[in-house]
Number of protein chains: 2
Amino acid sequence: MSVSEKPLIQAFLREPVDHVPIWLMRQAGRYLPEYRALRARAGGFLDFCYTPELAAEATLQPIRRFGLDGAIVFSDILVIPHAMGQTVEFREGEGPVLAPVRTVDDVARLDMWSMREKLKPVYETLDRVKRDLPGKTALIGFAGAPWTLAAYMIEGGSSRDFRHAKGWALRAPEEFDRLMVLLETAVTQHLLSQIEAGAEAVQIFDSWAGVIPGALFERLCVRPLRNIAARLKADHPHVPVIAFPRGAGMGYARIAAVAAFDGLSIDFTVPAAWARDNLQKLVTVQGNLDPVALVEGGAAMEGEARRILETLGNGPMVFNLGHGVIPETPPENVGALVELVHGWRG
Amino acid sequence: MSVSEKPLIQAFLREPVDHVPIWLMRQAGRYLPEYRALRARAGGFLDFCYTPELAAEATLQPIRRFGLDGAIVFSDILVIPHAMGQTVEFREGEGPVLAPVRTVDDVARLDMWSMREKLKPVYETLDRVKRDLPGKTALIGFAGAPWTLAAYMIEGGSSRDFRHAKGWALRAPEEFDRLMVLLETAVTQHLLSQIEAGAEAVQIFDSWAGVIPGALFERLCVRPLRNIAARLKADHPHVPVIAFPRGAGMGYARIAAVAAFDGLSIDFTVPAAWARDNLQKLVTVQGNLDPVALVEGGAAMEGEARRILETLGNGPMVFNLGHGVIPETPPENVGALVELVHGWRG
């Protein structure tokens, strides 16, 4: 008997599915008018994330509209540094701004003690969503990967060259690794707590994997992801764990080889045939329509989506984008994509 | 007898060299006080590029200081759209701003007729530099690749998601390809003219290769680069042609397989061992120290540089960065790197 009746979970556990499941990164977001209305009711962006009533509603909006196979909890990867006591601000149109962590003393001031308490609203959101979710839709939890969180925390936001984060990793590896160890622990605990609160699958976003120098990829990306996934699988063998080391290039094959991962999300630059030949034997491949094709819609979108389905759809796959939904995306294009994917037969 | 006595040219033509040659992307730039002084004498950035006296001096500054093996002409990839009549402005700290080209009519208004005249200052710069260059230093010309130029021209600058450029390529390939054909021609002509003016090697920068969806990589990156390189080699078989499809990931192997390329520049994410095993049989590999290591200097930089040399230095290689020099780089670190590379023996 199947562990789950939900197609998304079945696909990640390599069980037979009656259709290719689909969900979209940033499926809850500014492209939806109902999201913009909800957003206007919250104060700051983090208040929004930490108000279970609003965050649960944001999570459910795209599910009601499109009948997606997965609902990803509405939250942000920066709740972890925030819960550690780092100042995190979201300024409109600017991206996140953090008070940079750049010394061993800064690391020592991070508060691992009260994180759980601060993150409780996220778990309450999962609990609320779970109660209202359609029976076939799976609930997905997530966290940022240690390197990506470290990069934001050290740079104090996004960066052109990540020179502070990479410079520290190169100059004083043992100092830098103190932060990485704390983050590995925090990410693991946050994901375990999300599973306990009802998440049926979890995704780890290593959004800045694509800026790691080749020689550091094992240390900054593969090793922490392997440790986190191994711990999650030990406790919850039937909860799929998905990695998204965005922009990893040839590094994708190394993450696919990590036994504890059930799923690997690939960005839009990865040729589908390469993913089929090199990744799909090891993991369920998730991806990888270019979000620009979803903005375009029509024949261009359909052609690209069908090409991906023809190449990957007969192996274990979950349809997704290769990056998040772009705010200018017409919602009806998302509806058309879900219909196309659900109607496709290999 | 060797075609050239210059180590950089010898390395690209797979001839024996007495040391691993080195040059650095953005070796002429803001990290040098003499550059900042020179820059202050020019008006706008394009005026600077188009004043042969100043541009030649900027080209020569790092050669005098560091004894690099290659001098890349001081210019910009956006001189091509500018010479085609597109409005291009460089605003301090903002990056380039262009009046976007988004329709067939916009493409039709591009002026291929007077480009050569407008680009003459670049050729005059090469001519001046050539006269003052030390005997063992090779002069390098360059251009942006058609996709990268098209992306800037269509978006009107840099972009988070390149949705206008990619959207057009997906929606109306035959319209988009009209622009690509013009750019392929313009890039070819600009590189041929640089060779005629004294360039002994040329590099094509496909700086946005890393945002091309997998299914379009052949059409937007490989095909135009192949066409340009084939034409250059037909006319100038002994002038090395180097590609830098930045962020291409597994796409690097496809560019390496293009017979007309002598060199392939790799970004810092590419593991050196992978480049040795997959690229070096086909092309001279150029790269790929992370520019952050050059900001750090000291043992961190030396360790990374030696690791790259140990892995790639016995095949045909040219030492370079995996991206441009960061403005905060201490000049003395560049001196130390050149000394290390020149002193290394495999």
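Analyst: In this predicted model, Met180(A), Glu184(A), Val187(A), Thr188(A), Leu191(A) and Leu192(A) of α10(A) meet Pro224(A), Asn227(A), Ile228(A), Arg231(A), Leu232(A) and Asp235(A) of α11(A), contact being defined by C-beta atoms, placed from the backbone, that lie within 7 Å. By class, seven of the residues in this contact are nonpolar, two are polar and three are charged; here Ala, Val, Leu, Ile, Met, Phe, Trp, Tyr, Cys and Pro count as nonpolar, Asp, Glu, Lys and Arg as charged, and the others, Gly among them, as polar. Helix α10 spans residues 173–196 of chain A and helix α11 residues 217–235, and they pack at an angle of about 30 degrees with their axes 10 Å apart. The axes are lines fitted to C-alpha atoms, for helices over the stretch in contact, and the angles run from 0 to 180 degrees between N-to-C directions. The two helices are therefore roughly parallel to each other, on a scale where angles under 35 degrees count as roughly parallel, over 145 as roughly antiparallel, 65 to 115 as roughly perpendicular and the rest as oblique. The crossing of α10(A) past α11(A) is right-handed, that is, the near helix is turned clockwise from the far one by less than a right angle, anticlockwise being left-handed.

Residues are numbered from 1 along each chain as its sequence is written, while chains are lettered from A and ligands numbered from 1 in the order in which they are written. As the model is predicted, local features need pLDDT of at least 70 and side-chain atom pairs count only at pLDDT 80 or more, whereas totals for chains, interfaces and linings use all residues. Helices (H or I, at least four residues) and strands (E, at least two) are DSSP runs numbered from the N terminus.

In chain B, the axes of helix α11 (residues 173–196) and helix α12 (residues 217–235) come within 10 Å and cross at roughly 30 degrees, which makes α11(B) roughly parallel to α12(B). That crossing is right-handed. From α11(B) the contact draws on Met180(B), Glu184(B), Val187(B), Thr188(B), Leu191(B) and Leu192(B), and from α12(B) on Pro224(B), Asn227(B), Ile228(B), Arg231(B), Leu232(B) and Asp235(B). Seven nonpolar, two polar and three charged residues make up the contact.

α11(B) also lies across β4 and β5 of chain B, running at about 165 degrees to β4(B). All seven residues of strand β4 (residues 138–144) of chain B are buried, so the strand is largely enclosed by the rest of the structure; a residue is buried if 20 or more other C-beta atoms lie within 10 Å of its own, exposed if 12 or fewer, and partly exposed in between. Ala138(B), Ile140(B), Phe142(B) and Gly144(B) point one way from β4(B), and Leu139(B), Gly141(B) and Ala143(B) point the other way. Three bridges join β4(B) to strand β1 (residues 70–72) of chain B in a parallel arrangement, with Gly70(B) partnered by Ala138(B) and Ala71(B) by Leu139(B). Five bridges join β4(B) to strand β5 (residues 201–205) of chain B, also running parallel, and there Gly141(B) has Val202(B) as its bridge partner.

These strands belong to an open, parallel sheet of seven strands in chain B, in the order β1-β4-β5-β6-β7-β8-β9, where pairing requires at least two DSSP bridges between strands. β1 and β9 (317–321) stand at the edges with a single partner strand each, so one side of each is left without a neighbour in the sheet. From one strand to the next, the twist averages 25 degrees.

Helix α9 (residues 146–155) of chain B has 10 of its 10 residues buried, so this helix too is largely enclosed by the rest of the structure; Trp147(B), Tyr152(B) and Glu155(B) are among the buried residues. Just after α9(B), Gly156(B) takes a positive phi of about 85 degrees. In chain A, helix α8 (residues 146–155) likewise has 10 of 10 residues buried and is therefore largely enclosed, and Gly156(A), which follows α8(A), has a positive phi near 85 degrees.

Between the chains, 31 residues of chain A are in contact with 32 residues of chain B. On the chain A side, α9 (163–171), α13 (272–278), α14 (291–296) and α15 (298–312) each supply at least two residues, and this side divides into 18 nonpolar, five polar and eight charged residues.

Definitions and conventions: Contact = placed C-beta atoms within 7 Å.
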